[in-house]
Amino acid sequence: MAAPRPVSRFWEWGKNIVCVGRNYADHVKEMRSALSSEPVLFLKPSTAYAPEGSPVLMPAYSRNLHHELELGVIMGQRGRAVPEAAAMDYVAGYALCLDMTARDVQDECKKKGLPWTLAKSFTASCPVSAFVPKEKIPDPHALRLWLKVNGELRQEGETSSMIFSIPYIISYVSKVMTLEEGDLILTGTPKGVGPVKENDEIEAGIDGVVSMRFKVERSEC
């Protein structure tokens, strides 16, 4: 009989990374995008995971890699068409995450009307912090997120500014695709996204909860 998989190491066995775009109005404005009446969804593969201690990899085909700081929600059980009122019962915990984005590639994809896969789904494009049990965060909509590059504050935001709440997102996503235990949902980024280059050091945190550090390296391929 196989040993149980600890959800605290979700990045080792979790199947799906579901990302929500345009969930903070100030970020939508800085990107000159339009607000959406429903969550904008895209996916990353499980090989996008980069736990703390491993580098952020800049893909060889990009010259403009951006950081996007996000609260991640880790599912604790399988769910399909989860009612919004029951959605938090499906949450095991949280992690601080980065949605690393090849912005130059994404801009080209947008111009051509193509999916964002090349810009969002490359290897090590989803750095994650240590797992934070649900009990440690009584209200995930009352958190301050921050990110520094080489010691300079670049991004900060309050999860209270989310356009779509976490229960709404879980319910919405689970009506599109079945969510599995260990799946990660990225809930969007506040304003302040910006570029990093090779050898930069990224430090990020949730006030009073968790922090993490990553170094940026150039991918060989």
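Analyst: A residue is called buried when its relative accessible area is under 20%, and exposed when that area is over 50%. Please keep in mind that the model discussed here is a predicted one.

User: Is W116 buried or exposed?

Analyst: The relative accessible area of W116 is 19%, and the cut-off for a buried residue is under 20%. Because its value falls under that cut-off, W116 counts as buried.

User: Which parts of the chain does the pair of F42 and W116 tie together, and how many residues apart are they in sequence?

Analyst: F42 and W116 form a tilted aromatic pair, with 5.6 Å from centre to centre and 55° between the planes. F42 lies in strand β2, whereas W116 lies in the loop between α3 and α4, so the pair ties together parts whose separation in sequence is 74 residues.

User: Which residues form one aromatic cluster with F10?

Analyst: F10 and W11, both of them buried, form an edge-to-face pair at 5.2 Å centre to centre, with 80° between the planes. The cluster that contains F10 also includes W11 and Y49.

User: Which strands stand at the edges of the open sheet of 3 strands?

Analyst: The order of this sheet is β8-β5-β14, with antiparallel pairing, and 3 bridges join β5 to β14. Each edge strand has a single partner, so one side of each is left without a neighbour in the sheet, and these strands are β8 and β14.

Technical notes: Residues numbered from 1 in each chain as written. Predicted model: local features only at pLDDT ≥ 70, side-chain atom pairs only at ≥ 80, totals over all residues. Heavy atoms only, no water. Pairing = 2+ DSSP bridges. Helix = DSSP H or I, 4+ residues; strand = E, 2+ residues; numbered from the N terminus. Phe/Tyr/Trp six-rings, centres within 6.5 Å; stacked < 30°, edge-to-face > 60°. Buried < 20%, exposed > 50% of the residue type's maximum accessible area, 1.4 Å probe, protein only.
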